[in-house]
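Hello,

Here is the structure we talked about passing on. Please open it first, then read the notes below it.

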Amino acid sequence: MGLVLGIETACDDTAAAVVDDQLAVRSSVVWGQKQTHLAFNGVVPELAARRHAEVIMQVVKQALDEADVGLDDLSAIAVNNQHGLVRSVVVGVSTARGLAVATGLPLIPVHHVEAHIFSAIMTNLELFDEHICLAVAGGHNALIHVRGMGDYEVIGRTLDDSAGEAFDKVGSYLGLPFPAGAQVDALARGGNPHAYDFPRPKMKDGTLNFSFSGLKTPVRMVAEKLQSPDGAADVAASFERAVVDVLIAKTLAAAEQKGVKQVSVAGGVACNTLLRQELPRAAAAHGIKVTLTPPKLCTDNAAMVAGLAQYKLREGAESKLDIDATPNAPLGKRAANYRPSQSS
Ligand code: KG4
Ligand code: ZN
C-alpha cells in the first residue's frame, strides 16, 4: 500500500502528515507558531521561516512515528510549493527535496489552495464531480467552480481583505490574541448577533466577489466605545453574523449561477460555528448539499497535501526534483487567479 508523506509550510504552521492510497490519514502533525508572532499581532515572515527551519525535521519525524512507519515505507513525498510566504514555502520545499534526494523517493509538488479544495473531497468523494468550493481563510478567500480535478474557475474572490483577516483584526480590537478567529467565534456564542447592524459589504452587488475591509472601521468604532467587557460578545456576534451572511449569500449565488447542487467549504474560516450551522440550512432550502470539511482538515495541515498527491500519483503524476518555491502561482490548468484583484 502506497504511503505519501506530505509537508506544508505556507504561513505559520509547520505541518507533516502521512496519508495512504485510500486517502486515510495515518498521522497529521501541525506545529503552530502562535507564541512567536503574538507580540506582533500578525505573522512576521522572517520569524515564521526561522521557526519552520528549526522544527520541520522534528515535525516530519513525529508524523512518521505517529503513523508507525519509517522513510523506507513511503512511496512518495509531497510538498506545497505554490502558495504562501515565500521564505516559509522555501523551507518546506528544501526539506522535501532533501528527503526525496536522500531516499530516492518521487517528489510531488502541490498547490496549497488546490489542497484545501481536496480536503473537502477527502471528506466526501462525491465532490470529485463538479461543485463549488468556498475556500476561505486568512491567506485566501475565493469561490471556485471545480469542474473536475485540476479544472478550476475562480468565480469570486476578495477585492481586499479575506474573511480570516477580518476575524483577526476584529479580534485585536476586542483585545484577543492573534490569530483571533477561533476566539471571536467562541466569544460570539455568548453574544446577540442583532445588537449591531454592521454592513454586509458587496452582498447585493450582483457579483461573486467579496470585500471585508470596509467592515473593520464600523466594528472598530463600536469596539473602542465599549464600556464593559460584556459588550464584546455582542460585537463579536454581530460582526460574525455580517461576515457569515455575506459568505452564505455569495456561495449560494455561485451555485445558482453555475447550476451546481454540491458546495464545499474549506480553509480556516470553515471552522466557524455559525457558518457551519447556517450554510447547510440555507443551502437545503435551495436543494443544495453542503460538505463541511472537518475542522482538523480546514486549518492549514499536511494531510490535504499528501491526499492531493495520492490523487495526482494515481493519475500518473511524475516526480519533479527541481521544483522551486513559486508562491501565489495560479491554480489548475486554466491558471485561475484566486488572489485579490488589485494584485493580479
Ligand atoms: O487555513 P488557515 O489555517 O491559514 C490560511 O491559509 O490562511 O486559516 C487561518 C485563518 C485565520 O485568519 C483564523 O483566524 C481563521 O482562519 N479561523 C477562524 C476560525 N478558526 C480559524 N475564523 C473564524 N472562525 C473560526 N472558528
Ligand atoms: Zn490555507
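**Notes on the strands**

V79 stands opposite P109, a residue of strand β5. Please keep in mind that this is a predicted model.

That pair belongs to a parallel pairing of β4 with β5 (residues 107-110), made over four bridges. On another pairing, β4 runs parallel to strand β1 (residues 3-8), and four bridges join these two. There, L5 is opposite I77 of β4.

Strand β4 covers residues 76-80, and five of its five residues are buried. Both of its faces are covered: A76, A78 and N80 lie on one side, with I77 and V79 on the other. β4 is also part of a right-handed β-α-β unit, together with helix α3 (residues 86-103) and β5.

Now to the other end of the numbering. β1 also pairs with β2, this time antiparallel, over six bridges. I7 has A16 in β2 as its bridge partner. The two strands form a hairpin, with four residues between them.

Strand β2 (residues 13-20) is largely enclosed by the rest of the structure, because eight of its eight residues are buried. D13, A15, A17 and V19 point one way from β2, while T14, A16, V18 and D20 point the other way.

β2 pairs in turn with strand β3 (residues 25-32): they run antiparallel and are joined by seven bridges. The bridge partner of V19 in β3 is V25. β2 and β3 make a hairpin as well, with four residues between them. In that turn, L23 has a positive phi of about 70°.

Regards

Definitions and conventions:
Residues are numbered from 1 along each chain as its sequence is written. Chains are lettered from A and ligands numbered from 1 in the order in which they are written. This is a predicted model: local features need pLDDT of at least 70, side-chain atom pairs count only at pLDDT 80 or more; totals for chains, interfaces and linings use all residues. Side-chain values use heavy atoms; hydrogens and water are left out. Buried means under 20% relative accessible area, exposed over 50%, partly exposed in between (1.4 Å probe, protein chains only). Two strands pair if DSSP finds at least two bridges between them. A crossover is right-handed if, with the strands pointing away from the viewer, the path from the first strand over the helix to the second runs clockwise.
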